[in-house]
Amino acid sequence: MIKLFLKLSLAFSILIMNTVFAQVAEISSPDGKLKLNVFSENGKALYNVTFQGETMLDKSPLGLVTNESDFSKNLKFIDSKKNKVSKNYTNEKIKKSQVSYTANTLTVNFTNADNFNIGIEFQVSDNNVAFRYEIQPMKDRLSAIVQSEITGYRFPSQTTTFLSPMMKPMTGFARTAPSYESGYKADAELGTKADYGYVFPGLFHIGNDGWILLSETGVNSLYCASHLDTTSEKNLYQVAYPNMAENNGFGSTGAAISLPGKTPWRTITIGDSLKPIVETTIPFDVVEPMYEPSQKYTFGKSTWSWILWQDNSMNYEDQSLFIDLASKLGYEYILIDALWDKNIGKERMKDLIQYPKSKNVGVLLWYNSNGAANDAPMGPRNKMSSSIERKKEMKWLKDIGVKGLKVDFFGGDKQETMRLYEDILSDANDFGLKIIFHGATLPRGWEVMYPNYAGSEAVLASEMLYFSEDVRKQEAFFATLHPFIRNTVGSMEFGGTFPNKYLTKSNKDKNKRYTTDGFQLATAVLFQNPVQMFGIMPNNLTDAPKFQLDFMKEVPTLWDETVFIDGYPGKYSVIARRHQNQWFVAGINAEKTVKKLKINLPMFAAKTVKLINDDAQGNSSEKEVKVNAKGEFNVEIQPNGGFVLRN
Ligand code: CA
C-alpha cells in the first residue's frame, strides 16, 4: 500500500514538475480575454492561445532553421521580459484613418545546442497576436540564411477553413503565376492539402468558439514573403517559404539576414464573431513608415478602358474618350493600360497627358515589371526591372506629369522579388509617383511602410469576370469573402463595379452579368483600395439610370471608419464605412434565397437615408427610407443582389 502510494505520488510530482516547468511565460491582452502561453518541452518552444477561456490554438511549434545553426530543436529557455506598447497613428489609405493601438508585449529568449540565442517577441492586443523572431549574432557570424521556419498553428478539431491555394509557379498566362488569383474555398475540411500550400491570409472557423485569421506583415526587401502549408498532422498548419520554381527558378527560397536580425511579423486575429476579423488593423499596427513621402500623395477614382474594351482600346482616341469620362464623373484619374508604348508611343503620350491636365484628370500608366521573371510580352518591358532604366524612365514620367504607375506580372514571393517591389516603390517616391501592383503578391503592411503605395490586385479580380463564365457565375460568392479575408489585411485593387449588364464593349450578346446593379454598387463600398479603377464605361453616361451615376460620382475610395454589421464568408456580407460625415452601409447576398436581415445601424438612428436595392426581379432603384430611433433596420437582399444605404 505504501509502495503504491509512493509510486503514485512520485508519478504525480513528475506530472506537476512537467506542468510547472513546461510553461515558461504567459501574456494576456489589455482586456484580459486573449491569453497566450509559451512552453518549453523536450527542447521544443511551443505556444498556445485561448480566448475567453476557450482554446483557439493548441500547443503549436515555434522556431526556425538557419544555415549556421538550428533553432527548431534542443532549445533551452533562458528568460522572458514583459512590457507594453501604445501608439496612435493616422493613415488615410486603410480601413480606418485614425488608429489607437495598445498591446502587452512579451519577449521570450531561448538558447540552442550551439549556445546561440533566439528571441521571440509577442505583442498581444485585444483581438490580435503578432510575433516575430530575433536571431542574435552567432560568434563571428553577422550574416545568415534562414532556410525554413517551423512556426505552426494547431487548430481545434472542429475547425473549418477558408483558404486560397498558392498557384503553381511558372504556369498560367505567359508563366506569370503565382499571383494570388486562385480564389477561396469556403468551410473546407481541416487539413485538406494543396500542392503548393495556401496563400496568406487564411481564415479559420473554430466552430462555436469563433474565428481566426492568419497573415503576416512587415515583409520588405530584407525577407521573403511566406505562406501557409499543411503538415503530416491534420490539425497543424505551418509557415512555408516560397517555392524554388518561382521567378523562373532564380533566387533563393529563404531569407538572407544581417545579425542581429528580425523576421517579419506573423499575425493571428481572433474573435468570437467576425467583427474583430473585419475591423482588425494589426497588419498596420506593428509596422512603421520606411521613408518620408517626397510629396503629399492623393488618391481617388479612376476610369480604365482595358477592362471591357481590352487591348484594342490602347489608342489615342479611345483613351481620350476615357479621359472625358473621368472628367464628366469628377474622377481624379485615368489608367492607361498595357501596350501604350507601342500603340500610342512616348511622343504622343506626352500630348495625351497634356489633355487630361486641362480636365483635372491625372494619368496612371501601366508597366510590365519584367525583366526576366516570366514571359509576359506586353510593353513597356525592361523599364522597371533594373535601377538605371527605372530611374531614367521615372524621370521622364515625372517630367511629362504622370501621377502613378500600375506595375504588373511579378515573379512570386522570393526575397529577390520583395527587393524589386521595394526598389520600385522607393525610386517612385523620389519622382513623386504612386504605385499600384498587379499580378502580384499580397501587400504586407505596405500602406504604412511605403507612403506612395496605392494598392495591389492579389485577388481573383474583375479581369476574370470578363474572361470566365465560371467566375461570373461565382461573382457573388467570391465578393462576400473579401471583407472577411483578402481585403481585411490589405488594400485590394479589384477594378470592378460594372453598370454594364453584359461585360462587353457593346453591352449586349455575351458575358452576361449574373449580379444586380445594386450588387455592383455595393462592391464599391465593400472593396477597399485608395485608388479604385471602376468598370464604368462611356455608354453608361447615357444608358445607366441617374441614381447609379450619382452614386458612382459620390462614392469615396478613402475611409475614416469600417464597421462589421453582419455576414458569413461565402454567404452574405454587410459592412459599414464612413467617409468624413457620410456613412455607406453595403450588403450583398451569394445565397440562392432572399436574405431577410434585421441590422443595427446606430449611425442612422432616427434618420432618413437613401436606399439603393433590388426588387424580386433583380431590378435596382433608389428611394428614401426612415431608420427607427433604435437604429434597427429591416432589409432584404436578393440572390446575387445587393443594397447600399447612405446619408
Ligand atoms: Ca491579374
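Begin at the interface of domain 2 and domain 3, where the rule for salt bridges (a side-chain nitrogen of Lys or Arg within 4 Å of a carboxyl oxygen of Asp or Glu) finds 0 of them. This is a predicted model, in which local features need pLDDT of at least 70 and side-chain atom pairs count only at pLDDT 80 or more, while totals for chains, interfaces and linings use all residues. Residues are numbered from 1 along each chain as its sequence is written, and side-chain values use heavy atoms, with hydrogens and water left out.

To colour the two parts, select 305-458 for domain 2 and 460-530 + 557-647 for domain 3, bounds that come from an automatic or database domain assignment. Between them they bury about 1,500 Å², 57% of it on carbon and sulfur atoms, where buried area is the accessible area (1.4 Å probe) that two parts lose on being put together, summed over both. Next select Ile307, Leu308 and Glu457, which supply 38% of the area that domain 2 buries against domain 3, more than any other three residues.

Stay with Glu457 and show the calcium ion, which is coordinated by OE atoms of Glu181, Glu457 and Glu463 at 2.4 to 3.0 Å; donors are N, O and S atoms within 2.8 Å of the metal (3.2 Å for Na, K and Ca), and sites may look incomplete, as water is not among the atoms. Glu181 and Glu457 lie 276 residues apart and link distant parts of the chain. Glu457 is buried, with a relative accessible area of 2%, and Glu181 also counts as buried at 13%, the cut-off being under 20% relative accessible area (1.4 Å probe, protein chains only).

Notes:
Helices (H or I, at least four residues) and strands (E, at least two) are DSSP runs, numbered from the N terminus. Buried means under 20% relative accessible area, exposed over 50%, partly exposed in between (1.4 Å probe, protein chains only).
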